[in-house]
Amino acid sequence: MEEEIDRVVQAITIASDPSQISLHQQAMVYLNSIEQNASESWRLALPLFLNTTSGGARKYSDQVRFFALRVLNEYLDNRFDSLDLESFQIIQQSILSYVQSEYIYGSAEANASYIRNKFSHTLTLFFLCTYVDQWQSFFADLFSLIRPASASSDATFNRHVSLLFFHLIVEISGEVADQMIKAARSHNPARLARDGRVRDAVRERDAVRINEAVLAIVSEAAQKMSMSRKQGDPPSERQLADAEEVVDWGIRTFASYVGWIDISLTVTPTTVPLLFSLLADPSLPIRLATSGALLKIVTKGLKEPGDKLQLIKVLSLSRVIDALEAKTRIQQRERGENTDEGEESYRESLGRLLNALGLELTKLQECPAEDVRTEANDLLQQLLPIIIRFMSDDYDDTCSTVFLLLHTILSSYKRSKKVSAGPIVADRRNFLTSLLQVILVKMKWDVEADPTDVDDDDNDEFERLRKELRIFMDSILAIDQDLVTDSVRQYALTTIEAYKNRAEVKWNEAELGIYLVYIFGEINKTGGKGRAAFCLAPAIPKDVPKDARKSIDYGEYPLTTHGELLFALVESGMSAYPHQTVALQFFETVSRYNDFFKVRKECIVPTLEAMIDTRGIHHGNPTFRRRVYYLFHRFIKESRTDIPLEFVPNISQSIRDLLAIEVQIPEPDEVEVDLLTDAVKSPTFDAQLYLFETLGILISLLFKNPTEQKGLLLSFVKPLMDDLSSALQGSASSNIKELASGGSGLEGSEIVPVVQLHHLMMALGSIAKGFPDYPSPLPDDYILPPVDVFAEIAQAILVCLENTNALKVIRDATRFAFARILATAGPHVTHFIPPLMGNLLIHFEPSELVDFMNFIGLLIFRLQDDMFDVLDELIGPLTTHISTTLSQPISGSDEQRMHVEIKKAYIGLLTSVMSTKLQGVFISPRNNSSFDSLMETMRILAEDTSDPPNQRAAFNLLSRCVAVWAQPNPTPPAANGNSNHNHLNDMGIPGFERFIYERLVPTAFGVPSLPNLNLKDGQVTVVLHEIANFLQTVSKTRGSEVDNYLLNVYLPAQNWPQNAAIDMTTKMRELDPKGFRKYFTDFVRSTRTGS
C-alpha cells in the first residue's frame, strides 16, 4: 500500500505543477481513476488524510489530504445502505481519533479552513450512512468530546469541537430537510427514503439532546461575550471574537433544524428571551443569524391554525420588530450619508421577518374558526404602521422586503371590496392614505441620480421599483379610486403651480409631477375615451354628420380632472425646466394625449413651439433630440387635422437644418456584423427618419393648394435628389464586389457614398410615407398629391439601384422607399415595379424574396385592377426565380426554414391575385404558356406532407382556381366601373375540368393515404379539412358530373366499395362545409386505423 500511496502523492504533485506539462494529463487520468474506484481506493485515502510524522504533524500536504477527502466523499455520497462491519469500524475509529487529536489537542486545521469544511462534509456523509443502524451513539460520542465526562462541572465546552458539531448539524439539516438542495439534485427514491429514515431517527433519539447542547453552548458563549465586552482589553477582544463565532454558528445551527423538529423544543421560556436578546446584540452576524432563526420559527408549518396563532402570540414579534425598527431608523438618520451596508442588511432582515409574520397572519385570516380570524386580524392591524415605516425607508432593498406582504394585504382588501359595496372602514382608509403618500414619495428619483446614464444599474433598479409601486397604486385604485385620483391630482397640480409661480421645485419633484399627469389616463378608470377623457361635453347624437362633428367648439365645455392637469402643464412652461429628464417627461406626456388638444386647440401652438425650439428637437443633447424627434412626429401625426395651415410652412422650414444627413462610420473595433451593415444602422439617422416622415405629413396638409404643396415639397426633395446623384457618382469608384461582402477590407471613407445612397433613399421614402395612402376606389373630389414628383423620386432611386444592386443595404433601402412611394402615388408609379423587380432579382437573397412577395401582395390588395399590367409582367419571371430557388439542395435547418417561408409567401401572393379577381394574369398571352406548369407546381405542393401549413394553403388556392376556371356555364360579370379592368379576369378555361379529374381529384384522395401523413399532428387535421373543402368546391362547381365521374370512373378504379363511394359523394353533395369536413376527417382516420 505504501507504494500506491506514494504513487498517488506523486500524481497530485504533478497535477498541481503547471511546469509538468508532459505528465499532467497522465496524472489527471490516474487520479480520476482513483476517485471513480472509490469503493476500493478509500482505504488509500484514509491514511493519506490521517497519517502523521514522528513529530505528530500531518505527513502529507493539504492538497493531498483534500484529495483524500474527495475520494472518501465519493465513496460515501452515493451509499444509501449500511457499510460492512469492518469498513465501518475502521472509518469510525479513524474519525474519532482524528477529532480527538486535531480538535481537542490540536489546532482544528487552523491553517487550512477548507480542509476543516471538507471534513465536516465527509463526517456528515458518514453519519447519513451509519446513524440509523450502525452508529446510534454518534451524538453521545460527539457530546463526550465537546465536554469530556471527566471534566469538572464548571469546565467550558471545547470551542473547536463545538464548531465542528454546529457545522455538522447544519450540513445534516441541509441533506435531510433542505428542499432547495433536494430540488437541485436528480430524483433518487433511495436517497429520499434514506434521508427520511435519518430524519425520523434523529427526532426519536437525539433531537432533545441536540437542541439542549446547542442552546447550552450558545448560552455559555453569550455569557463569555458579555464578560469580554465589559473587560475590553486585547486578550478579551480575542476571547470576544471566539465567543461571537460560536454564538453566530450556534444560532445558525438552531435555525437549520427549527423547521424539522418539534416546535416545543425550539420555542420555550428559555429560548425566546435568548433569541430576543441576541436579536439586539452588538454583533451584526449574530443579529442576522438570529433574525434568520426567528424567520424559520415563524414560517414553520403547523397543522392547526390555532397552534400557529398561539406561536405568534408567544413570540410577540410585532412589539420587538417595532422597537428595533425605530431604533435602527434613528441610527440610520444619525449616520446621515455615511452608509453602513451591514446595518442596512440588518434592517432588511427585520423587514423580511415582518413580511413573514404578516404573511402567516394573512393565512390565518382564511381560517374557518372565527376567533382565530379575529385575533389574526387584530395582530395584523398592529403591523400596518410598521409596514408603512419599512416602505418609507430610503433604501429600496429594505422597503422591497415587505412588498409581498403588501400585495397580499391589498389583494384581500380588493376581495372585500367586491363582496361589500359599503364604504371603506376608517382604519383601512387611513392605512391606504398613508401608504399612498409613501408610494408617491418613493416614486421620485433620487435628487443625485442621473436618469440619462443608460449604463447606471441604479437607474434600472429604480425603473423596476417604480413599476412595482405603480402596481401598488393600481391596487389601491381598485379599492378606493377617489383616494388615488385626488392624491395624484393634488400632488401634480401643487408641483405644476409651484413651478408656474416661480417657487423652487427640485428636478425630481418636477419630474414626478409630470409623470403623474402622464399616468393619469391609466389611473382614471372612470374617465371616458377620446375627447370625453378631457372635456365634459354632451354626447354627440349618432345622426350628426361627420363634417358637423368636426366643427364643434369644445372650448366652451369644462375640463375633466385629466384635462385640467394637462392644461395646467402646458401653461406652466415646464417644458423649459433646466433638467432634460423633466423636459423629456413633458414631451412624453403631451404627445401621449393628443385628444386633449382637440378640446383645447389653443394649447397646440405653445406645445409645438416648445417642441421645435431648443427645448425640443433643437436641444443640445443628441440623445435627448433623438427621442424628441419621435415624440414630435407622433404629436404632428395625431394632431395634423388641428394644426393651423398657416403655420405649416414655418414649421416645415424650422426643421430644415435638422435634415442634413451625416454618415457615421463605426470604428473597426466596434463592428458587430460587417462595416457596411453596421454603418447603415445609425441611431441618429433612424431617429432622423421620423423628421422626414413628419415633413411629409406637414406638406400633405396643404393639399387644397397643390401649387404651394408641390413647391414646398420640391424645396426639400430637390436638394436630396441632388445629393442622391452626387452619392451615386461617388459610389461609381467604390469596389462594389468588396462592399457586397461587407467591406471589411475597405477604409471607412470608401463606403461613405454607399451609406449616403442608403440614407437618402430611406429619407425620400419616409417623406412619401408622411402622405396619405392612395385611395381605392378614387373619390371624384380627391385632390392628388404631387405624384409627378414622387414618380421622379422613384425613377432616381431605380437608377441608383441599377448601378448598385449587388449591395443588400441598397436593395433594402430601395424596397423601403418604393413601398412608401407606391402607397402614396398608387397606379401613377406602378410601371416602375417590373424594372424594380428585374434589378432586385439579380441578387435577391431568400429573405428579400419573401419580403418582396409580401410587398406585392399588399399592393394587390390596395390597387387591385390597377396592378394587372404590372402582375402580367411580374408573375412569369418571379415564378421562374422561385422555382430555381426551391430546386436548390437544402443543406441545413436554416435553409429548410427559408424554403418553407418562400413557399408560404409565394402561395400567399398567388392567393392574393385570385382573391382580388386578377387571375387573368395567369392566362394572358405573356403567361399562358407557363400556366400548366404553375398548376402542376401547386399540385405538387399540395402533396408535400412535410409542410402541412403550405400544403393546406396550396389546396385552398386550388379550390379558388376550381371555383373561377371550372364553371360549366360562366355567368357574365357585372359591369366594373374601373377602366383598368381586364376581361381576362372574367374568363373561364375550357378543358380545365380535365386537369381537375385527371390530376387534382387523385391528389385530393391520394394525400390521406400517404404513409408519412401523421394524423396525430393537429396541422394535418387542418389539411384534411382543406381537402374536404376542395372536394366540395369541385362538387358544387361541376354538379352531377362529379358524382358520375367519382361513382363510375375514379372510385371504382381505386377499389372503393360501392356503398362507401355512394356515401362519400352523397355527403359531399348534401352536407354543409363544417359537417363534411368532420365526416371526411373521421372517414380518413377510420380507414387508416383499419388498414
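Trainee: Okay, Arg70 then: what is its relative accessible area?
Mentor: Bear in mind that this is a predicted model; in it, Arg70 has a relative accessible area of 35%, so Arg70 is partly exposed.
Trainee: And which residue does Arg70 form a salt bridge with?
Mentor: The partner is Glu35, and the closest N and O atoms of the two are 2.5 Å apart. Because Arg70 belongs to helix 4 (residues 62-77) and Glu35 to helix 2 (residues 21-36), the pair ties together parts that are 35 residues apart in sequence.
Trainee: Is Glu35 buried or exposed?
Mentor: Glu35 counts as buried, with a relative accessibility of 13%.
Trainee: Switching topic, how many salt bridges does the structure hold?
Mentor: There are 66 salt bridges in the structure. One of them joins the side chains of Arg229 and Asp281, at 2.8 Å from N to O. That pair links distant parts of the chain, 52 residues apart, with Arg229 in helix 11 (residues 207-231) and Asp281 in the loop between helix 14 (271-279) and helix 15 (284-298).
Trainee: What about burial for those two?
Mentor: Arg229 is partly exposed at 30% relative accessible area, whereas Asp281, at 7%, counts as buried.
Trainee: Where do Arg815 and Glu848 sit, then?
Mentor: Their side chains meet in a salt bridge of 3.4 Å, N to O, with Arg815 in helix 39 (residues 808-825) and Glu848 in helix 41 (residues 846-863), 33 residues apart. Both Arg815 and Glu848 are buried.
Trainee: Last one, which residues are linked in a network of salt bridges?
Mentor: Such a network links Asp322, Glu325, Arg329, Arg347, Arg389 and Asp393.

Note on methods
Residues numbered from 1 in each chain as written. Predicted model: local features only at pLDDT ≥ 70, side-chain atom pairs only at ≥ 80, totals over all residues. Heavy atoms only, no water. Salt bridge = Lys/Arg side-chain N within 4 Å of Asp/Glu carboxyl O. Helix = DSSP H or I, 4+ residues; strand = E, 2+ residues; numbered from the N terminus. Buried < 20%, exposed > 50% of the residue type's maximum accessible area, 1.4 Å probe, protein only.
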